[in-house]
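Subject: Predicted model, handover and notes

Hello,

I am passing on the structure we discussed.

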Amino acid sequence: MRAGELTELAERWLRARFPESHIRRELSLAQYGGAAIDVAAICSDQIVGVEVKGDGDSPSRLKLQGNMYGRVCRKVYLLASPDLTERCQRHCPVSPVTS
């Protein structure tokens with residue numbers, strides 16, 4: 001799947017899960033290395049992010065991204081293309097499982 005398709009899915013999922021939030025694409029975390037969260041739900045009590053990895057993307061930065069996003073987001077989800085899922089799992093930072 002292309003990154004644009006996955007971004008649309010992430011945005012729809014966040015809107016359904018956090019209906020009172022403000023949804024933003026490419027939420028800048030410039031203070032933390034110029035990174036940007038692909039899709040973020042800005043809620044009254046938290047920020048929830050989704051990192052998208054579509055066909056053609058590289059998972060090599062996931063460990064760094066995950067550590068940076070954790071400074072800003074209470075929860076961060078990964079939405080990867082089916083072809084990248086296994087590779088992405090090897091690059092994700094270790095974190096506790098949340099529902």
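The notes below go from the overall picture to single residues.

This is a predicted model, in which local features need pLDDT of at least 70, side-chain atom pairs count only at pLDDT 80 or more, and totals for chains, interfaces and linings use all residues. Residues are numbered from 1 along each chain as its sequence is written, and side-chain values use heavy atoms, with hydrogens and water left out.

Confidence and layout

pLDDT is the predictor's confidence in each residue, on a scale from 0 to 100. Its mean over the protein is 89, and 90% of the residues reach 70 or more. Helix α1 has the highest confidence, with a mean of 97, and helix α2 (residues 62-69) the lowest, with a mean of 84.

Helices (H or I, at least four residues) and strands (E, at least two) are DSSP runs, numbered from the N terminus. There are 3 helices and 4 strands, and along the sequence they follow the pattern α-β-β-β-α-β-α. A contact means heavy atoms within 4.5 Å. Of the contacts with a separation of 6 or more, 58% are between residues 24 or more positions apart.

Burial and cores

Buried means under 20% relative accessible area, exposed over 50%, and partly exposed in between (1.4 Å probe, protein chains only). Of the 99 residues, 37% are buried.

A nonpolar core is a set of buried Ala, Val, Leu, Ile, Met, Phe, Trp, Tyr and Cys residues joined through side-chain atoms within 4.5 Å. The largest one has 12 residues: Leu6, Ala10, Leu14, Phe18, Ile23, Val39, Ala41, Cys43, Val48, Val50, Val52 and Tyr77. Two or more of its residues come from each of α1 (3-17), β2 (35-42) and β3 (47-53). A second, separate core has 9 residues, among them Leu27, Ala40, Met68 and Cys73.

In helix α2 the buried residues are Leu62, Gln65, Met68 and Tyr69. They span an arc of only 130° around the axis, so they sit on the same side of α2; the arc is that of the directions from the helix axis to the C-beta atoms. The elements covering these buried residues include β1 (22-29), β2, β3, β4 and α3.

The aromatic pair

Rings of Phe, Tyr and Trp (its six-membered ring) pair if their centres lie within 6.5 Å; planes under 30 degrees apart count as stacked, over 60 as edge-to-face and the rest as tilted. This rule gives 1 aromatic pair. The ring centres of Trp13 and Tyr77 are 5.0 Å apart and the planes are at 75°, which makes the pair edge-to-face. The pair links distant parts of the chain, since Trp13 is in helix α1 and Tyr77 in strand β4, 64 residues apart. Trp13 is partly exposed, at 34% relative accessible area.

Single residues

Val76 is in strand β4 (residues 75-80) and is partly exposed, with a relative accessibility of 36%. From Val76 to Val50 the C-alpha distance is 5.6 Å, across 26 residues of sequence. Apart from neighbours within four places in sequence, Val76 contacts Gly49 and Tyr69.

A polar contact is a pair of N or O atoms within 3.5 Å; within protein, one must be able to donate a hydrogen and the other to accept it, and residues adjacent in sequence count only if both atoms are side-chain atoms. Ser81, in the loop between β4 and α3 (85-91), is buried at 0% relative accessibility. Its side chain makes a polar contact of 2.4 Å with the side chain of Asp55. Not counting residues up to four places away in sequence, Ser81 touches Met1, Leu6, Lys53, Gly54 and Asp55.

Ser21 lies in the loop between α1 and β1 and is buried, with a relative accessible area of 11%. A polar atom of the Ser21 side chain is 2.6 Å from the backbone oxygen of Phe18. Leaving aside neighbours within four places in sequence, Ser21 is in contact with Ala41, Ile42 and Cys43.

Most residues other than glycine have a negative phi. Glu26, in strand β1, has a positive phi near 55°.

Regards
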